[in-house]
Number of protein chains: 2
Amino acid sequence: MRYKELDTNTLLDFIQDLDSVKEFFTSDELSVAEIGDGNLNYVYIVKSKQNPNKALIVKQAVEYLRCVGEQYPLSRQRMSFEIRALKKFYEYLPSNLPKIYYENEDMSLVIMQYLGEHEIMRKGLIQKTTYPKFSEHISTYLANILFYTSSLYLKSDKKRELIDEFNKNTQLCKLTEDFVFTTAYMEHETNDSENVNLNPHAKKLFADMEFKSKILHLKYKFMTQTDCLLHGDLHTGSIMLNQNETFVIDPEFAFVGAFGFDIGALIANLVNNYIHHSVVTKDDEFKDYILKTIKKVLELFEIKFLKLWNEQNESALLVDGFLDENSLNSFKSEFMKNILRDSIGFAGAKIARRVFGVAGVEDIRGIENKGLRQEAEVLALKIAREFVIKYENLNDINEVLEMIKYAR
Amino acid sequence: MRYKELDTNTLLDFIQDLDSVKEFFTSDELSVAEIGDGNLNYVYIVKSKQNPNKALIVKQAVEYLRCVGEQYPLSRQRMSFEIRALKKFYEYLPSNLPKIYYENEDMSLVIMQYLGEHEIMRKGLIQKTTYPKFSEHISTYLANILFYTSSLYLKSDKKRELIDEFNKNTQLCKLTEDFVFTTAYMEHETNDSENVNLNPHAKKLFADMEFKSKILHLKYKFMTQTDCLLHGDLHTGSIMLNQNETFVIDPEFAFVGAFGFDIGALIANLVNNYIHHSVVTKDDEFKDYILKTIKKVLELFEIKFLKLWNEQNESALLVDGFLDENSLNSFKSEFMKNILRDSIGFAGAKIARRVFGVAGVEDIRGIENKGLRQEAEVLALKIAREFVIKYENLNDINEVLEMIKYAR
């Protein structure tokens, strides 16, 4: 099929003939509207006129960055990786991924479940919404996806097939290499220049060679470690949830990378929210809820990941009987500790890059009062620095919480 | 072109029409003979009848392991990786690679320079031949190939293209995963069973959980670290040389892996030769020559690799000006130390696997006197254990030499 960029008019023609769409809407009349909040892609909602709660999401990538326009070219092939990741994740964990109704790599288009009763986690957390099932859900998601796509589960040939499927997500990996690990820590045109100029904290960060050496090390790890299939951009804007359900969306950055990267992204964005409330609402109860969530996510991830690993005797890595039980358990403990360490290192980079880098987060850059915003930025840099300088020597999840609480 | 398995009769028909072959031999009449020493492939020598010094080597892969026969299937696709590696290595370092006259992935066939005045290094070292230019040559080879195929030189997109080219060398990587990192340390049908049964040293090795835990860690690193393009099997049987020239051959195991793996393979095989002479000839002068060679290879590799790195300001990893000069130099020192450490860890595995595993080396398994052979095996296990237990804490090349000398 030849690629064709759709719009609200042509979209309907395209989807109306698809079996899965016909089956979903039966004979209903359909309406189409563009949802304006996609950064990278065009996102449409298709609704039944008879029953507006019956709806599907259609997402199509274009040959440029949607939020900037045609002057910022970006291969639409990114949608192929999103489609592949959605399918792969769904295979291992259907309960936390939107259902796919149709996908077409040629058209860079996917049709999926409409999450009408769910909200973007970042927005919810800023509003101090608590999600009682979130830690349970996301730790299951992380444990399952990271384990089942790693060499601890897959055989060598399957692992290499997985790498083949995602290796060429070059452009989006490059965005992370640039924006998470490089330009946010030096004078660069993509930075939040209004804030950077004459800002002593930016000057200090850009000159902090101890911090930047560690960032470079983390960048190298990001580029060369192939542990498992990652979402690649697992911040709280990539999570839609409510009191009962949690969905992970938008995995266009998916690639085979380091275990700690997705966990780190999530922790970083929970920390960003903690910082928001430290400065803006000063709500100790909600701050405590965020800290408990971080702790619970890390603890449950480890428990669940180890449980899956203990059920698996043979993999690319392990042959049954190679180590005795005690030695194998020690090996696994050491392995889990390294995942924790890397997660916190990556989290540090993910927090710091939001301060002056190209893409801020609402939790911090969205603070309207300039004084408070700078207070939040300073706190973010402090916690990020603690994480990045100390992650290699971490031994325990509680140390992570101490770093967050006492970074002032 | 459709694949066709050639033999001494059909080979001539196939190659006679090739332009590069016609140009090489002009109007000479040709003779073909099979060289019997290929383990994996068929290797032929094509000579001019008028001038027998004028010759080319033709190598063709078959759908099985040549030394075992059709009952051991092995995809002939391995030749594609050998061809790609030979071309890639030649691009960066023509002086140490055989010249390619013709290559055809469909036919799993390559025609290359005949190295008639060179010998296999392993055989030369057993005969106590010294090679005055070897350290210089091989350190240049290692520094160039490892650096120019890494993220310290390549841009992100080129690095990913390189991974794409070699990622599916699944079967040969799996051989290493099995034979270097797994089966040689446990009861297994592929081991040198005559030697293993009732051998207290085998029993001890197979029960050495501290050692095996470290091996498992090295195996994981082998499987998941993508630093640079490797030869993948750089032992002294993959090196042909004389007093003036050094050639690296047979890169069918090529893949994008950990920096330390090729260096480690080379060091391991120099150590195996050191062990041979420790036990068989007891020639202190030659043993000292081997130790000096190990030291010089490691030292020169580091100097040359750093020199290339210092000439390179921009790469996937680095943006000019990201770190100040002091910090960058510290980063590089730390990086080089990690390459040394990993090299010695991998060397340890490479030494140990030769003792009881499926493929012995002539330096040790070739010792006819059973008592001396066992003495060599015990020494090999001691040095290997030192390497594997201590590599993570190494700081200096001299420590490596100490471990070899005082492992008794």
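Me: In this predicted model, what percentage of the interface residues of chain A are also interface residues in chain B?
Reply: The structure is a predicted model, and the comparison is made between the interface residues of chain A and those of chain B. The copies meet through the same surface, because the share of chain A interface residues that are also interface residues in chain B is 100%.

Me: Which element gives the largest share of the side of chain A that touches chain B?
Reply: In this interface, 35 residues of chain A contact 35 residues of chain B. Two or more residues of the chain A side come from each of α6 (156–166), α7 (170–179), α10 (209–224) and α13 (325–356) of chain A. By class, that side holds 13 nonpolar, twelve polar and ten charged residues. The largest share, eight residues, is given by α10(A).

Me: As by what kind of axis are the two copies related?
Reply: Chain A is laid on chain B by a turn of 180° with a shift of 0.0 Å along the axis, and the RMSD is 0.0 Å. The relation between the two copies is therefore as by a two-fold rotation axis.

Me: How many residues does domain 1 of chain A give to the contact with domain 2 of chain A?
Reply: Chain A comprises domain 1 (8–113) and domain 2 (119–405), with centres over C-alpha atoms separated by 27 Å. Domain 2 of chain A brings 18 residues to the contact. The side of domain 1 of chain A has eleven nonpolar, two polar and four charged residues, and its contribution to the contact is 17 residues.

Key:
Residues numbered from 1 in each chain as written. Chains lettered and ligands numbered in written order. Predicted model: local features only at pLDDT ≥ 70, side-chain atom pairs only at ≥ 80, totals over all residues. Domains from an automatic or database assignment. Contact = placed C-beta atoms within 7 Å. Nonpolar A, V, L, I, M, F, W, Y, C, P; charged D, E, K, R; others polar. Least-squares fit on C-alpha atoms with pLDDT ≥ 70 in both. Helix = DSSP H or I, 4+ residues; strand = E, 2+ residues; numbered from the N terminus.
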